[in-house]
Amino acid sequence: MKIRMFLYCFVIVLVTGISGCGGGNRELKKDATAFADAMCRNMEAMQKLRATPPADTLNIRKFQAERNRIDAEMTGLYEAFKKKYGAKAEVPEFTSEYRKYLNEAMLGCKFLSKEDRVIFERQVK
């Protein structure tokens with residue numbers, strides 16, 4: 001009877017432990033992906049801005065406004081990140097894991113330059 005009780009407790013602990021593993025990682029990965037998406041959109045806006053002729057002030061203003069909006073969004077994401085993770089964000093292992101997720105997400109950005117892509121690929125490995 002005691003063995004059965006121990007076995008049930010062990011199974012419950014094992015199932016709870018396995019289901020709980022990676023929960024923080026998924027949330028961290030989600031946060032990193034959201035920030036990478038904003039960074040990618042910012043790169044896109046910058047490329048459009050650079051490609052716009054100086055005489056096309058209407059498009060220049062449009063792309064600058066888009067970039068400013070994305071910058072504000074990134075600031076909000078950063079503030080939410082700091083609030084959510086607090087002092088944990090200062091731990092080197094945590095920042096390393098976040099950086100890895102961010103680099104992986106950035107590799108999906110089609111607006112990366114070849115040099116930036118090489119850097120992100122190197123940091124993922």
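User: What is the hand of the link of Cys-40 and Cys-109?
Analyst: It is right-handed, with 85° about the S-S bond. Keep in mind that this is a predicted model.

User: What makes the pair Cys-40 and Cys-109 a disulfide?
Analyst: The distance from S to S is 2.0 Å. The cut-off is a pair of cysteine sulfur atoms within 2.5 Å. The value of 2.0 Å meets it, so Cys-40 and Cys-109 count as a disulfide.

User: How many disulfides does a search of the whole structure find?
Analyst: The search finds 1.

User: Which parts does the pair Cys-40 and Cys-109 tie together?
Analyst: Cys-40 belongs to helix α2, while Cys-109 sits in the loop between α4 and α5 (114-124), so the link ties parts that are 69 residues apart in sequence.

User: Are Cys-40 and Cys-109 buried or exposed?
Analyst: Both are buried.

User: Why does Cys-109 count as buried?
Analyst: Its relative accessibility is 3%. Buried means under 20%. At 3%, Cys-109 falls under that limit, so the label holds.

User: What is Cys-109 in contact with, leaving aside its neighbours within four places in sequence?
Analyst: Cys-109 contacts Cys-40, Met-43 and Arg-117.

User: Now the fold. How many helices and strands does the protein have?
Analyst: There are 5 helices and 0 strands. Read from the N terminus, the elements run α-α-α-α-α.

User: What share of the contacts in the protein with a separation of 6 or more comes from residues 24 or more positions apart?
Analyst: Those residues account for 61% of such contacts. Buried residues make up 24% of the 125 residues. The protein exposes about 9100 Å². Carbon and sulfur atoms supply 62% of that area.

User: On to the pocket. How does one know where empty space is left?
Analyst: A probe the size of a water molecule is rolled over the atoms, and this shows where space stays empty.

User: What is the volume of the largest pocket?
Analyst: About 290 Å³. Its lining holds 14 residues. Phe-35, Leu-77, Tyr-78, Phe-81 and Tyr-98 lie nearest the centre. The elements giving two or more residues to this lining are α2 (23-51), α3 (57-85) and α4 (92-106). The largest share, 6 residues, comes from α3.

User: How do the residues of the lining divide into nonpolar, polar and charged?
Analyst: The lining has 8 nonpolar, 1 polar and 5 charged residues. Tyr counts as nonpolar in this scheme.

User: Why is Asp-31 called buried?
Analyst: Asp-31 has a relative accessible area of 18%. The limit for buried is under 20%. The value of 18% is under it, so Asp-31 is buried. Asp-31 is in helix α2. Not counting residues up to four places away in sequence, Asp-31 touches Lys-84, Tyr-85 and Tyr-98.

User: Why does Asn-25 count as partly exposed?
Analyst: Asn-25 has 34% relative accessibility. Buried is under 20%, exposed is over 50%, and partly exposed lies in between.

User: What does Asn-25 touch, not counting residues up to four places away in sequence?
Analyst: Asn-25 touches Glu-97 and Tyr-101. Asn-25 and Tyr-98 are 73 residues apart in sequence, and their C-alpha atoms are 8.9 Å apart in space.

User: What makes Met-74 count as buried?
Analyst: Its relative accessibility is 15%. Buried means under 20%. Met-74 is under that cut-off, so Met-74 counts as buried. Met-74 is in helix α3.

User: Which residues does Met-74 touch, not counting residues up to four places away in sequence?
Analyst: Met-74 touches Phe-35, Ala-38, Met-39 and Asn-42. Contact means heavy atoms within 4.5 Å. Met-74 and Ala-34 are 40 residues apart along the chain, and their C-alpha atoms are separated by 9.1 Å.

Definitions and conventions: Residues are numbered from 1 along each chain as its sequence is written. This is a predicted model: local features need pLDDT of at least 70, side-chain atom pairs count only at pLDDT 80 or more; totals for chains, interfaces and linings use all residues. Side-chain values use heavy atoms; hydrogens and water are left out. On a 1 Å grid over the protein atoms alone, a cavity is a set of points where a 1.4 Å probe fits but cannot get out, and a pocket is an open set with protein on both sides within 12 Å along at least five of seven lines; lining residues have an atom within 4 Å of a point. Grid points are joined across faces, edges and corners, and a volume is the space filled by probe spheres set on the points. Helices (H or I, at least four residues) and strands (E, at least two) are DSSP runs, numbered from the N terminus. Buried means under 20% relative accessible area, exposed over 50%, partly exposed in between (1.4 Å probe, protein chains only). Accessible areas come from the Shrake-Rupley method with a 1.4 Å probe; for residues, only the protein chains shown count as cover.
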